[in-house]
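Subject: Structure handover

Hello,

Here is the structure you asked to take over. Please open it alongside this message; my notes follow below it.

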Amino acid sequence: MNINDFNLTDKLKNELSKVISSKKLPHAIILDKGDYNSRVDFAYFLSAAALCSSDSEIPCGICRDCKKALGRYHPDISEYKREKNKKEFSVSIVREKIKPSVYIKPGEAMGKVCIIKDAETMNDSAQNAFLKVLEEPPANVKFILCCDNAGSMLETIRSRATVYSMGESGNTSDEDILKATRLAGELAESLMLPTEYEFMAKTGVFEKDRQLITNTLSFLQKIFRNAVLIKSGVSSAEFDEVSQKCASFFALDNLMKLIDKINELNDFANKNANLNLLLTRLCSCLRQAARG
């Protein structure tokens, strides 16, 4: 996996490639805009880059730290989000969980990473408590905050972090995420069927919802990436059932082609391409990659 697997602008890819290769990732990063799933996926990619033990390409995707980081089960990567059924990310999470954790020495890697989802929902008390951690950060810890818009964060936090914008603001609801997740799984499974009818039938819901296409493609790409990790030796028990099925059914070459095609489709969608043409490409490109 490399930075080209993500739907980023060429400018951002070039900028981050230089930062990653120099092994000088900022100690605090804010990933804003784009869709929720893409921000989180990229946060784990950056986490792998921060912890990678390779002396050459970073992240190598091969070392123990990369495999665990990309598989989302590295003991030195902590993930935090607002409590279930709560509208705000409370100060208690910062005080009782984040702050004590970051000052504990890493267990396996040379450093640690703290990923904060839903950072835009941190109330002022939570942000001010987190600011105290940023003001005197442990030398071996990286902080990655994922939010819909960096403007929702206090200026004092923004001034101590590097902001990387991943596109237009997503404003994706929990309901939209669940719908896209379910649809991505159904599309992945239909690509394993001998005929294209089932796959084409599933895409009918996209006809009046461009955002749903973008969200679903993001989750579909995640499924195929997980399948690649399974084929690379990461424990399949860590991944969802659909990813495991894909790993068993598709050859590694086909999985890589599917990931590449989704990147192309995302680029096409971001150019506000004609919706009917986008759907036609979606069906033909993915079926071809799955069978070619």
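Pro59 sits in the loop between H2 and helix H3 (64–70). The peptide bond that leads from Ile58 into Pro59 is cis, and its omega is near -10 degrees. Please keep in mind that this is a predicted model.

Two other residues have a backbone angle worth looking up. Lys23 is not a glycine, yet its phi is positive, near 60 degrees. Lys23 belongs to the loop between helix H1 (10–21) and strand E1 (28–34). Its relative accessibility is 53%, so Lys23 counts as exposed. Arg72 is the other residue: its phi is also positive, about 65 degrees, although Arg72 is not a glycine. To find Arg72, go to the loop between H3 and E2. Arg72 has a relative accessibility of 30% and therefore counts as partly exposed.

Next, the charged side chains. Side chains of opposite charge can pair when their charged atoms come close. A search of the whole structure turns up 16 salt bridges. I describe some of them here.

Another salt bridge is formed by Glu79 and Lys117, whose closest N and O atoms are 2.9 Å apart. Glu79 counts as partly exposed because its relative accessibility is 33%. Lys117 has a relative accessible area of 9%, so Lys117 is buried.

A further salt bridge lies within a helix. The side chains of Glu186 and Arg182 meet at 3.2 Å, N to O. Because Glu186 and Arg182 are 4 residues apart in helix H7 (residues 174–190), about one helical turn separates them. Glu186 is partly exposed, with a relative accessible area of 26%, and Arg182 is partly exposed as well, with 45%.

Last, the chain as a whole. The protein chain has 12 helices and 5 strands. Its radius of gyration is 19 Å, close to the 19 Å given by the globule rule for 292 residues, so the chain is as compact as a globular protein of that length. The C-alpha trace spans about 60 × 40 × 35 Å along its principal axes. Of the 292 residues, 52% count as buried. Among contacts with a separation of 6 or more, 74% are between residues 24 or more positions apart. The chain exposes about 14,200 Å², and carbon and sulfur atoms supply 48% of that area. There are 41 positive and 39 negative charges, and their mean positions are 2 Å apart.

Regards

Definitions and conventions
Residues numbered from 1 in each chain as written. Predicted model: local features only at pLDDT ≥ 70, side-chain atom pairs only at ≥ 80, totals over all residues. Heavy atoms only, no water. Rg over C-alpha atoms; globule rule 2.2 N^0.38 Å. Buried < 20%, exposed > 50% of the residue type's maximum accessible area, 1.4 Å probe, protein only. Contact = heavy atoms within 4.5 Å. Areas by Shrake-Rupley, 256 points an atom, 1.4 Å probe, with all protein chains shown as cover. Lys, Arg positive; Asp, Glu negative; His and termini not counted. Charge placed at Lys NZ, Arg CZ, Asp CG, Glu CD. Salt bridge = Lys/Arg side-chain N within 4 Å of Asp/Glu carboxyl O.
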